[in-house]
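Student: I would like to learn how to read a protein model, one feature at a time. Could you take me through one?

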Amino acid sequence: MNSFFRSCLRPVFREAGVGLITPSGAELVVAPADGPTLVFARWRDMFRLLISPELAFCEAYAKGHMTIEGGQVYDAMIRMMRINATQSRVFLAGKGLITLTAPLFRLMEGTTPRKSKKNVHAHYDLGNDF
């Protein structure tokens, strides 16, 4: 698993000047002296980083599945924003995976068409009395 993420993410994180530590504790990228390091607690969040980097970063941090050592969230965000995700071949390849993995993620999260329909009904079909 480490070698997959090493080959995909190492160039991007090196360019940004951000360190990266996997859930197994492997340090894939060593941060420069003044750079922050992202420490992931779950492989799932690292995989999502390939597919939708902005969303994965924010969700993993907000849910406590990623911590930042050697800096604050702002420090990591500024450095990561330097990477143009629309031109990075790593993230372009990840965007292609969305089509293949989206149904799998929906199943893993328990989202089904039936459940989605029920949620829509509960939130939006409020009737005329509202």
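Tutor: We shall go through the overall fold, the core and the salt bridges in turn. This is a predicted model, in which local features need pLDDT of at least 70 and side-chain atom pairs count only at pLDDT 80 or more, while totals for chains, interfaces and linings use all residues. Residues are numbered from 1 along each chain as its sequence is written, and side-chain values use heavy atoms, with hydrogens and water left out.

Student: Which pattern does the protein follow along the sequence?

Tutor: Helices (H or I, at least four residues) and strands (E, at least two) are DSSP runs, numbered from the N terminus. Here there are six helices and four strands, and along the sequence they follow the pattern α-β-β-β-α-α-β-α-α-α.

Student: How much of the protein is made up of buried residues?

Tutor: Buried means under 20% relative accessible area, exposed means over 50%, and partly exposed lies in between, with a 1.4 Å probe and protein chains only. In this protein, buried residues make up 35% of the 130 residues.

Student: How many residues does the largest nonpolar core have?

Tutor: A nonpolar core is a set of buried Ala, Val, Leu, Ile, Met, Phe, Trp, Tyr and Cys residues joined through side-chain atoms within 4.5 Å. The largest one here has 21 residues, and L9, F40 and M46 are among those with the most contacts inside it. Its largest share, five residues, comes from α1.

Student: What does M46 touch?

Tutor: Contact means heavy atoms within 4.5 Å. Leaving aside residues up to four places away in sequence, M46 touches F5, L9, L20, T22, P23, L28 and F40. Of these, T22 lies in the loop between β1 (19–21) and β2, and T22 is buried, with a relative accessible area of 2%.

Student: How many salt bridges are found in the whole structure?

Tutor: Side chains of opposite charge can pair when their charged atoms come close. A salt bridge is a side-chain nitrogen of Lys or Arg within 4 Å of a carboxyl oxygen of Asp or Glu, and a search of the whole structure finds three. In one of them, the side chains of R79 and D34 meet at 3.1 Å, N to O. Because R79 lies in helix α4 and D34 in the loop between β2 and β3, this pair ties together parts that are 45 residues apart in sequence.

Student: Are R79 and D34 buried or exposed?

Tutor: R79 is buried, with a relative accessible area of 12%, whereas D34 counts as exposed at 57% relative accessibility.
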